[in-house]
Amino acid sequence: LNKLKKLDLQGNAAASRSVYKDLLEVLANARLTSSPVINLWGETIEEPRQLWLLLRLLGEDLDRESLSDSDVDLICRTLKTTTFVSRVSFNNVKDRETNDHVLSRKKVVQLLEAGCTALAPEYSMQMWGLVLTKPDCKTVLDLFEAEMKTVTLRGLKSRTYVAGQVVHQALTGARGQIAKTSTGTMVVVVTEAGAFSTEDAVVLEAADSAPEAVGTPTEVSMEVALRGLTQGKFPARAVVRQPETGAMARVDKADGTTVQVTVMKGAFQAGLPVVVGPDERPGGTPTEITGVVNIFKVASAVGTRHGLPSGTGTTTPAT
């Protein structure tokens with residue numbers, strides 16, 4: 001097998017999952033020194049290392065696997081083009097590019113999108129200790145999209161606001177829908193271009209009455225995750241700045257090279273360095289900036305879809 005240059009099974013009679021598993025096991029154990037082009041069920045494998053990945057995927061066991069961008073692409077294509085995988089767990093996998101125990105947002109979104117369209121009729125995946133069915137994957141994707149546009153406005157009039165009401169700022173052009181409120185504070189999902197500002201009044205829209213100005217926010221904050229930073233440089237509540245953009249944030253939590261922050265000013269950009277603390281120590285350059293989706297929000301959204309009490313979800317212990 002070390003002389004193998006190409007193996008093409010496309011066009012042959014359909015084979016079962018067990019047949020493909022046996023074939024993958026032989027190829028993986030052959031420890032191929034070359035990089036033959038292998039075509040299985042129309043899926044081309046060019047890295048011998050991925051033979052093991054596919055073997056584990058068909059065995060529905062990816063525990064402690066380290067996934068690269070190309071690995072996730074391969075997994076997603078397999079889910080979308082075969083019925084060989086009915087369930088798989090991503091609870092205990094690592095991100096090969098960052099070495100984090102948390103997959104990048106890009107990888108998570110890819111896996112959720114593949115979960116929505118997986119060919120296996122009863123497909124489900126485990127992530128964050130939750131069991132997600134196909135409809136659950138769509139629910140979580142919608143939540144991800146909303147969280148990327150969620151801002152908190154503080155210092156407004158102390159009055160009753162209702163979730164679902166629309167607010168806007170005339171000067172900034174920002175517009176959004178209230179997701180939840182507390183005294184003088186509202187969490188808003190931005191629905192139109194424009195960034196809410198502390199220099200413009202917030203106007204509450206109402207279908208049965210005139211628009212009402214409810215004050216100018218004293219603080220506009222947004223939770224984001226900065227990925228690809230220098231590990232061990234970000235203590236909780238430290239101030240992070242990005243000199244080139246003027247963005248400033250407070251550290252909420254650091255996990256490896258991923259740092260969750262609350263943005264207090266401006267907008268961070270990937271590819272530009274950040275500094276930490278009053279002495280402005282170099283903190284690295286973020287490779288990716290994403291929204292933060294709290295696991296409890298995900299569990300609540302999934303639980304609501306299943307008709308469970310608020311704050312619960314279909315869960316399984318993380319491996």
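Helices (H or I, at least four residues) and strands (E, at least two) are taken here as DSSP runs, numbered from the N terminus. The model is predicted, so that local features need pLDDT of at least 70 and side-chain atom pairs count only at pLDDT 80 or more, while totals for chains, interfaces and linings use all residues. Residues are numbered from 1 along each chain as its sequence is written, and side-chain values use heavy atoms, with hydrogens and water left out.

**A loop residue**

Q269 lies in the loop that links β18 (258–265) with β19 (274–276). Because its relative accessibility is 45%, Q269 counts as partly exposed, a class between buried (under 20% relative accessible area) and exposed (over 50%), computed with a 1.4 Å probe on protein chains only. When residues up to four places away in sequence are not counted, Q269 touches Q242, T245, P286 and I289, contact meaning heavy atoms within 4.5 Å.

**Helix pairs**

Two packed helices are described by the angle between their axes and the distance between the axes. Axes are lines fitted to C-alpha atoms, for helices over the stretch in contact, and the angles run from 0 to 180 degrees between N-to-C directions.

| Helix pair | Axes come within | Crossing angle |
|---|---|---|
| α1 (residues 17–29) and α2 (residues 49–58) | 9 Å | roughly 150 degrees |
| α3 (residues 69–81) and α4 (residues 105–117) | 8 Å | roughly 10 degrees |

The crossing angle therefore makes α1 roughly antiparallel to α2, whereas α3 and α4 are roughly parallel to each other; angles under 35 degrees count as roughly parallel, over 145 as roughly antiparallel, 65 to 115 as roughly perpendicular and the rest as oblique.

The crossing of α1 and α2 is left-handed, a term for a near helix turned anticlockwise from the far one by less than a right angle. On the α1 side the contact is made by R17, Y20, K21, L24, E25, L27, A28 and N29, and on the α2 side by L51, W52, L54, L55 and L58. By class, this contact of α1 with α2 has 9 nonpolar, 1 polar and 3 charged residues, where Ala, Val, Leu, Ile, Met, Phe, Trp, Tyr, Cys and Pro count as nonpolar, Asp, Glu, Lys and Arg as charged, and the others, Gly among them, as polar.

In the other pair, α3 contributes D69, V72, D73, I75, C76, L79 and K80, and α4 contributes K106, K107, Q110, L111, A114 and T117. The contact of α3 with α4 has 6 nonpolar, 2 polar and 5 charged residues.

**Strands and hairpins**

Two strands pair if DSSP finds at least two bridges between them. An open sheet of 3 strands has the order β5-β7-β8, with mixed pairing. Its edge strands, β5 (87–89) and β8 (130–133), each pair on one side only, and neighbouring strands of this sheet are turned by 20 degrees against each other on average, direction ignored. Strand β7 (residues 124–127) runs antiparallel to β8 and is joined to β8 by 4 bridges; M127 has L130 of β8 as its bridge partner.

The hairpin of β11 and β12 has 2 residues between the strands, and G184 in the turn has a positive phi of about 70 degrees.
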